[in-house]
Amino acid sequence: MQNTEQNWDCVIIGGGIAGLIASIYLARAEKSVLILEKAKTLGGRGRTTVKMDSYLNLGPHALYSKGLAIETLRELGIELEGGIVPTRGKMIHNGEIFDIPASPFILVTSTLLNWNAKKELLSFFLKYKKMKTDGFKNVPLAQWLQHRIKDKLARNLILMLSRLSSYSDESDRLSAGAAIKQLQLGNAMYLNKGWQSMIDALINKAVEFGVQFQTVKHVNKVTGSFPDLSVQTNKEIIYAKNVLSTSSPQETSKLLKEYKCTPEFIKKDYIPVHAACLDLVLSKVPNPNIDFAMGVEDPFYFSNHSKIAKLSNQDHQVIHVMKYGISNQETEKELEEFMEIVQPGWEEFVIYKRYLPRMTVSNRLVLASNDDEVSPLVSQIPGFYIAGDWVGDAMLAEASFQSGRKAAQFILEKFSIKVV
Ligand SMILES: Cc1cc2nc3c(=O)[nH]c(=O)nc-3n(C[C@H](O)[C@H](O)[C@H](O)COP(=O)(O)OP(=O)(O)OC[C@H]3O[C@@H](n4cnc5c(N)ncnc54)[C@H](O)[C@@H]3O)c2cc1C
């Protein structure tokens, strides 16, 4: 095993969004930063693959117009190109297609909803954007809605919208406060050339400030404490004053097996959010009138991302179909059947098809049960920090952005430099 002499100001485990964000804030404050990534390429779950001259994210990915991600990117001087997804589309109820009541006109003229449902939905749509969510963060979403919305179909419709923004179909456990906060993040934005354009912009920024990267480096163990931490990879031992892990909670806890103490974050329960994805490139869509659809009761999603963002050099249609939750043997067929409802005869136009049965959308469902947020600061191990979509009080990539930035802030505070 080889030893490298340099004692880095910070070694970051993982080159996904959280790792890249932290690296930029640290390096622009002139700290020496090394990212170790076990995969061949950086980007983690934010990567995009190019198939048939078209750009496919790993399942459907969107940023939120009022979210932390866009705010942080702006703060770093990164402006991305893409399109805002309009609030309209179709919903499938008992196999029939209806308009999503995204405007007061569609709501009032809906043939699906009765008058009570319309009244309750209208009142909810007028109020939810201004709700203070802290007061009901410990109540499960299903229970919270049960008390407010009497009409079952109206409730299911709100649950459908919450699935869309939180990616979670677990309304019995999901925090109502977190779900509504996520709904408040505004319209979705799809990026031209997929999320890779964001990952590439972050990598360029990191390189500009002098961040070093090593790929195909699997970190197995971390020992020591500030300012003498050792990071053992599959190839060598690397020394650092601080170490930030952006791996999953389970893998991060394995890295710390030699410590006698059990940090608080290891004692918590993490329920991952899963989804099964059917990613498609079609030469054309049989029904160009439907760009977006969701099941009201059944947890399915369909979106033609290429209608909003530039995702193909050949004018192909890039489509993501998804089922929320854990998949089984039937799931791929169910996704194809959902596709058949919205785009009958689609199979004739397939030029590329990929099924991803068990994607970890997020490492942590935000639970209603007094689920205190995890801090990036691991106080029991001086110099060791955590970040990722399971750290902090936000959800999905929003949490990775938030915790990556906050972890850098904690580390810089140690060097007495504030993130500006
Ligand atoms: C289908 C799907 C749809 C999604 N849609 C959205 C969306 O619309 N909006 C949104 O905000 N979020 C979405 N997400 C979530 C978003 O992709 C993730 O939250 C975000 O990319 C996580 O970034 P991260 O850096 O925290 O973790 P990761 O991307 O998982 O990065 C961690 C990195 O660490 C590396 N690593 C792990 N262990 C080690 C080790 N021991 N040694 C070295 N390297 C290691 C991994 O290889 C990985 O590259 C979606 C996710 C999926 C799967």
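Predicted model: local features only at pLDDT ≥ 70, side-chain atom pairs only at ≥ 80, totals over all residues.

Modeller: Residues are numbered from 1 along each chain as its sequence is written.

Colleague: Which element gives the most to the shell around the ligand?

Modeller: The ligand is surrounded by 35 residues, where a residue counts as near if its C-beta atom, placed from the backbone, lies within 6 Å of the molecule. Among the elements that each supply at least two residues of this shell are α1, β14 and α12; helices (H or I, at least four residues) and strands (E, at least two) are DSSP runs, numbered from the N terminus. The one that gives the most, with 4 residues, is α12.

Colleague: At what angle do α1 and α12 pack?

Modeller: Helix α1 covers residues 17–28 and helix α12 covers residues 396–414, and their axes lie 8 Å apart. Axes are lines fitted to C-alpha atoms, for helices over the stretch in contact, and angles run from 0 to 180 degrees between N-to-C directions. On that basis, the packing angle of α1 and α12 is about 35°.

Colleague: Which strands stand at the edges of the sheet, each with a single partner strand?

Modeller: The open sheet has 7 strands in the order β8-β7-β15-β16-β17-β14-β18, with mixed pairing; two strands pair if DSSP finds at least two bridges between them. In general, strands of a sheet pair through backbone hydrogen bonds, either parallel or antiparallel. One side of each edge strand is left without a neighbour in the sheet, because each has a single partner, and these edge strands are β8 and β18.

Colleague: What is the bridge partner of Phe-300 in β17?

Modeller: Strand β16 (residues 300–304) and strand β17 (residues 317–324) pair in the antiparallel sense over 5 bridges. Within β17, the residue bridged to Phe-300 is Lys-323.

Colleague: How many nonpolar residues has the contact of α4 with α6?

Modeller: Helix α4 (residues 115–127) and helix α6 (residues 152–166) pack with their axes 8 Å apart. Residues including Leu-121 and Phe-124 of α4 and Leu-157 of α6 make the contact, which requires C-beta atoms, placed from the backbone, to lie within 7 Å. Ala, Val, Leu, Ile, Met, Phe, Trp, Tyr, Cys and Pro count as nonpolar, Asp, Glu, Lys and Arg as charged, and the others, Gly among them, as polar. By these classes the contact of α4 with α6 has no polar residues, 1 charged residue and, as the number you asked for, 7 nonpolar.

Technical notes. Contact = placed C-beta atoms within 7 Å.
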